Amino acid sequence: MARHLCIHGHFYQPPRESPGLDAVLTQPGARPWHDWNEKIWAECYAPNAAARVLDKDGFIARLSCNYARMSFNFGPTLLTWLERERPETYVAILDADRKSRERCGGHGGAIAQSYNHSILPLCNDRDRVTQIEWGIADFRHRFGRAPEGMWLPETAIDTPSLEAMAERGIRFTLVAPSQVRRVRPIGSGPWTDVSGGRIDAKRAYLARLPSGRSIAVFAYHAALSQAVAFERMLDDGARFAERLLGAFDASAPASAPQLVHIATDGETYGHHHRFGEMALAFALDRVEARADVKLTNYGEYLTVAPPQHEIEWFEPSAWSCAHGVGRWSTDCGCNFGTRGPSGPFDQVWRSHLREALDVVRDGVRPTFEREGAHVFRDPWAARNAYVDVVLDRSTVALDRFFDRHGLHPRDPDARVAGLRLMEMQRQAMAMYTSCGWFFDDLAGIETQQVLAHADRALQLARGFAPTEIDAIERSFLAVLERARSNVPQRGDGRRIFVEEVAPRRVDLDDVAAHVAVSRLFQPAAADEALYAYAVSSSVARREQHGRSSLVVARVDVRSTLTGERGSFDAVAAHLGEIALVAAARPATGQAEFDGWARDLVAALHRGEPVRLAAAIDATTRKGARTLGTLWHDERTRVLRHVLRATLTDVDAAYRRILESAAPLVRFLDDVGEPLPAELEPAMRFALQRELDQALSVPEPDLDHLARCFVEAKRERKDAAADVHAARLENLLRRAARAFAARPDDGVGLARLARVLDVALEAPFGVDVAAVQEIVFRVGAGERATQRARAAAGDESARAWSTAFEALCARLRIRP
């Protein structure tokens, strides 16, 4: 078959973890989801693993795993999150590669990506090599095979990057047509200028390198890719398929190989364009039904039609910058066109940001080499291999790493030093994640994230050479001061770092202080995990005086990333409402600790909150933690406790108002008169609280919830509709998973049907896609079993079948 078609999706999210906690904290902009990863998972990554294909009546006829029929790369940092937080989707992605190998002659649809999404032409030589080696190792670890291809972030290429890939066995990469300068038949003939994107994208090309190596290059179809990403082609799956099929050259000889292929951000399918995954599934079906076109991937096509032409490329160049790689280093003019009161935003800050991070990278290098020489045979070779520890932090993996690279493999102190050095380097590479420069202003969360990685690298280095690293940080801040935000009140880079990034720094004593805060409001096991830390605590004093409470504890903390340990005296006090203070100091002897605890308790019982707060603040040189400086998720948990009493009082006041006005409210409702505006806030608040309470328990009273929805429809307002919808969707998923665990159980089926009935009566939209997937997958096999039993006269099976058919009808599933 001569005609081949390939759709590539670049699936990627930047690292969003707090560098000190190695966990993604709540991101308010993603609400009602916990964070942007979770939101985009729900809108894109999960739906593409089970895209709904509808029949002519709009019922789900089947589910399609889009990944199995496309080419794709997933950023390693995103796969790390998926593996930890959404393992069912992670497994589906790995399985999709296996299925594509079966379909495409042993060639998988998955390709690798260099690790941190840094722009490789802007990396130094060592970082470039490590990024590629980590990307390959990550791919091998997950997919169980060597990658044939590699996606370079932003398709940014230069000769050293191509050489580094080719040297490590990468067969091909992708570029934008605009990155190719000229082409010719391999080895001879005149060059043809194809600048401006005029290259024939329907074939593979060869990039011949100065070393004598070569690598295949695919230049995707720019116009089609643009239409998919930005011109709403995904509004209609049939039109999408027609445009793809129409891109073949009808005048070409029937036997001449042609490859129509597009490349976009994978998030296009569902996140950027709602239901885009359904349009993609429909288009893939339409193409696959053709006898004259084969869905393929790049590895298979290279085998079928190896390059006959070679290219020269623009160096450096990328797919999202018309000025080489200026978008990540200069005020080149590539931006989103954001404007402020004084005019368009500029990006002069980009060069200063990169220069500042270079100060950190180059500043910590001597520390790494000097201290690393005491721990590792070759510190830089150890860094290249450290990805194996990042992927598997088990004791066995650590032993293997230090046995291969360490000078003192079993020395605990050497291990801690070595892990600190490796983590320092991991952060020093993560700080070059491309998103830090991509958007229009210095103050964005993406830029703050890369600055947080820089801060963590400095923090880890400071433990080896405090004076030296303090001087480097001063130089870093001096350069950052030249980078100015377009938003005047945000100031310059130094101010953003000092006021918004550095306060999020995490030390072992911060962990201990947070443990003490937790003990104020909830008991816990003696040993527990708190993000990237193992903690052990014992409460010495727990005291209450009026509305104030105090906890004094001993806390041991160990980092699960570096092995660092610390023992602390920790204290936390809640002095009413939002007044909360907590701190920790290095552990003291028992007598000193007991005296300290007695003084704090005495201040509490004397009713001296100001003196108590001052005593706690004096515990540590950097000052106490307050409610405003707690880690975001911990602050949310504390606020739930703090607000409980206040909201109960407010709720009671509103209920008294409504009870006294109840006859009037009922009469107005009966005669169709509107509620007086003065009573609306009380009615809305009462209803909101009732919905909150009903949906906050794991197994709500469904009858009560249904009555709440009736009232909410009458009110026609729900200020927290997004939050309530997310909770209701979680309830639906739990009911569906319970049914999936015991599909033959009529009780579980009835429970799911009842939850669905109530959910569909909600006064806000509820996404039932996850439930449709579970019922479709699990129910098909069980339906056949139950129907056979019903045909044999089993009444319970007949009842099950009737109930299941009704459930499918409600979910618009064609069983």
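Helices (H or I, at least four residues) and strands (E, at least two) are DSSP runs, numbered from the N terminus. On that numbering, Pro32 falls in the loop between strand 1 (3-11) and helix 1 (36-49). The model is predicted. This briefing covers helix packing, salt bridges and backbone features.

**Helix 7 with helix 8**

- Two packed helices are described by the angle between their axes and the distance between the axes.
- Helix 7 spans residues 237-245 and helix 8 spans residues 276-288. Their axes come within 8 Å and cross at roughly 50°.
- At that angle, helix 7 and helix 8 are oblique to each other.
- The crossing of helix 7 past helix 8 is right-handed.
- Helix 7 contributes Gly237, Ala238, Phe240, Ala241 and Leu245 to the contact. Helix 8 contributes Ala279, Leu280, Phe282, Ala283, Arg286 and Val287.
- The residues of this contact between helix 7 and helix 8 are nine nonpolar, one polar and one charged.

**Helix 2 with helix 3**

- Helix 2 (residues 76-85) and helix 3 (residues 87-103) have axes that come within 6 Å and cross at roughly 125°.
- Helix 2 and helix 3 are therefore oblique to each other.
- On the helix 2 side, Leu79, Leu82, Glu83, Arg84 and Glu85 make the contact.
- The residues where helix 2 meets helix 3 divide into five nonpolar, one polar and three charged.

**Salt bridges**

- Side chains of opposite charge can pair when their charged atoms come close.
- The whole structure holds 74 salt bridges.
- Glu300 and Lys294 pair through their side chains at 3.0 Å, N to O. Glu300 is buried, at 10% relative accessible area. Lys294 is partly exposed, at 24%.
- Glu499 pairs with Arg495, with 3.3 Å between the closest N and O atoms. Both residues sit in helix 18 (residues 493-501), four residues apart, so about one helical turn separates them. Arg495 is partly exposed, with a relative accessible area of 36%.
- Arg810 and Asp757 form a salt bridge at 3.0 Å, N to O. This pair links distant parts of the chain, 53 residues apart. Arg810 belongs to helix 28 (residues 795-811) and Asp757 to helix 26 (residues 746-759). Arg810 is partly exposed at 39% relative accessible area. Asp757 is partly exposed at 30%.
- A network of salt bridges links Glu17, Asp22, Arg84, Arg393, Glu423 and Arg426.

**Cis peptide bonds**

- Arg31 and Pro32 are joined by a cis peptide bond, with omega about 10°.
- Glu315 and Pro316 are also joined by a cis peptide bond, with omega about -10°. Pro316 lies in the loop between strand 14 (309-313) and strand 15 (339-340).

- Thr155 is a residue other than glycine with a positive phi, near 50°. Thr155 lies in the loop between strand 6 (150-151) and helix 5 (159-167). Thr155 is buried, with a relative accessible area of 0%.
- Phe275, also not a glycine, has a positive phi near 65°. Phe275 lies in the loop between strand 12 (258-265) and helix 8. At 39% relative accessibility, Phe275 is partly exposed.

Notes. Residues are numbered from 1 along each chain as its sequence is written. This is a predicted model: local features need pLDDT of at least 70, side-chain atom pairs count only at pLDDT 80 or more; totals for chains, interfaces and linings use all residues. Side-chain values use heavy atoms; hydrogens and water are left out. Axes are lines fitted to C-alpha atoms, for helices over the stretch in contact, and angles run from 0 to 180 degrees between N-to-C directions. Angles under 35 degrees count as roughly parallel, over 145 as roughly antiparallel, 65 to 115 as roughly perpendicular and the rest as oblique. A crossing is left-handed if the near helix is turned anticlockwise from the far one by less than a right angle, and right-handed if clockwise. Contact means heavy atoms within 4.5 Å. Ala, Val, Leu, Ile, Met, Phe, Trp, Tyr, Cys and Pro count as nonpolar, Asp, Glu, Lys and Arg as charged, and the others, Gly among them, as polar. A salt bridge is a side-chain nitrogen of Lys or Arg within 4 Å of a carboxyl oxygen of Asp or Glu. Buried means under 20% relative accessible area, exposed over 50%, partly exposed in between (1.4 Å probe, protein chains only).
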